[in-house]
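Student: I would like a close look at one part of this model. Please take the helix packing slowly and define the terms as you go.

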Amino acid sequence: MKSIYRKLDWPLIICYLLLVAIGWLNIYSSIYSEEHNSILDFSQRYGMQFIWILSSFAIAAAILFAISPKVYSVLSPLIYVSVLFLLAAVLFLGTEVNGSNSWFVLGPVRFQPAEISKISTSLLLAYIMSRHNFRLSNMRDALLAAIILLVPMGLIIMEKETGSALVYAGFIFMFYREGLSGWLLAFGLMFILLFITTLAFSPLVSIIISLLAAAFLNGLFSHQTVRQTLVATAVALMLAYLPRIMLLEPFRFLQKTEPEYIAVAILLPVTIAATVYGVRKHFRHTKFVVLCFISAIIFIFSVNFIFDNILQPHQRARIENLLGIEEDLMGAGYNVHQSKIAIGSGGFWGKGFLNGTQTKFDFVPEQSTDFIFCTIGEEHGFAGSVAVILLYGFMIVRIILLSERQRNPFVRIYGYCVACCFFMHFFINIGMTIGLVPVIGIPLPFLSYGGSSLWSFTAMLFIFIRLDLERWK
């Protein structure tokens, strides 16, 4: 048995230890004061983080040496249901923290079930999808996988923890690896683009983009790409000039109507004609493309409802600041504005450990948690920031490579789930600190302060490391 444990993936473990150490030092630096200059001062966050780190090492050791790896596959349904119970219970028994009702508070310890739900969901997906008769191309199997994913995601949204729920969207990359059509992934990205363009510009711009995309796709399938793209471009140009055409004297009666409604009225006969033409020519994909185009139009007209009625006010304000719709540097845009100042002021090499002025004067809120990357950028500069990004890149790529080496599909699928979760946290957290994505408040794995997140990320990673040992037996 000892020889097996020598096969532990030490590059992954060393990368984990480096990230944890970097996180601890930067938490210390982000809230350092001369009155509490000891890094082991347990009245401060960095002292408490040391306790969380030691307890995380204990969790890692238990996973590696005490718990049988068979537990994760055999008990995955029970673990999943238990975590769902916690997610539901926190809605009624939880404590509200920063507008999110997703925390159990026991004295100095705060526990967030949403963090461990990523582990339980990953394990059950791996358990269900590793069965020999499971196929994502089968509607029943695909629906089952979607339900496993959407139930915890929905409960987390009810807790007003939108950031954690958004991480679940990353599982689509695992589904793609396991056979999900790449077209679905492309359509998902397309709908994200439509959401952004509708908010940042207008529904008319999104309709034009949808028209061009549908024409190109239909032309690609029917081997008439040039002809259909040229026709769609001519129609798109007419729609682009529609607001100006409406100002002309003969069309002034249309000015009380929004341009996007007129555009839909114009495209209705065009869509019908394209459908009839495709059916007569026996183009197999015409109906599919038309259905996607109609879905896109419906979605475009739903964006404002989603934005105004589903998103929280602070989330709407942050998106508006990100897209430049409104600029509120002293309100919703304050965190990101100060974050970019802090990172930019670090230059190439940074100001040095404990020398960050933006950090010392508390210009950036939540700098030891969601905005921990600001401290790295300010004190260690571009070089330090790149080093941390490379560590995350190495960890994610290493997990994917190890997953591809697995003979057991359960371990491969779970490994991809881990990589997807880490990637989403890494991408969203660093993206929001530099103004690329809205501020939605999720931690940076292993770096941000907090026992709940550190425990869950540690458990998620070391379950995979332990499962990886089984391929050597």
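Within how many Å do the axes of helix α2 and helix α19 come, and at roughly what angle do they cross?

Tutor: First, the ground rules. This is a predicted model, in which local features need pLDDT of at least 70 and side-chain atom pairs count only at pLDDT 80 or more, while totals for chains, interfaces and linings use all residues. Residues are numbered from 1 along each chain as its sequence is written, and side-chain values use heavy atoms, with hydrogens and water left out.

Now your pair. Helix α2 covers residues 10-30 and helix α19 covers residues 372-404. Their axes come within 10 Å and cross at roughly 160°. Helices here are DSSP runs of H or I, at least four residues, numbered from the N terminus. Axes are lines fitted to C-alpha atoms over the stretch in contact, and angles run from 0 to 180 degrees between N-to-C directions. Contact means heavy atoms within 4.5 Å.

α2 and α19 are therefore roughly antiparallel to each other. That label applies to angles over 145 degrees; under 35 is roughly parallel, 65 to 115 roughly perpendicular, and the rest oblique. The crossing of α2 and α19 is left-handed, meaning that the near helix is turned anticlockwise from the far one by less than a right angle. By class, this contact has 17 nonpolar, 5 polar and 2 charged residues. Nonpolar covers Ala, Val, Leu, Ile, Met, Phe, Trp, Tyr, Cys and Pro; charged covers Asp, Glu, Lys and Arg; the others, Gly among them, are polar.

Next, a second pair. The axes of α5 (residues 76-93) and α6 (residues 113-129) come within 9 Å and cross at roughly 150°. α5 and α6 are therefore roughly antiparallel to each other. Their crossing is left-handed. In α5, the contact residues include Y80, V83 and L87; in α6, they include I116, S120 and L124. The residues of this contact divide into 13 nonpolar, 4 polar and no charged.

Last, helix α21. This helix, residues 451-469, has 19 residues. From first C-alpha to last, α21 reaches 27 Å, close to the 27 Å expected, where the expected span is 1.5 Å times one less than the number of residues. Of its 19 residues, 18 are buried (under 20% relative accessible area; exposed is over 50%, partly exposed in between, with a 1.4 Å probe and protein chains only). S453 lies in α21 and is buried, at 8% relative accessible area. Leaving aside neighbours within four places in sequence, S453 is in contact with E115 and P443.

Notes. Helices (H or I, at least four residues) and strands (E, at least two) are DSSP runs, numbered from the N terminus.
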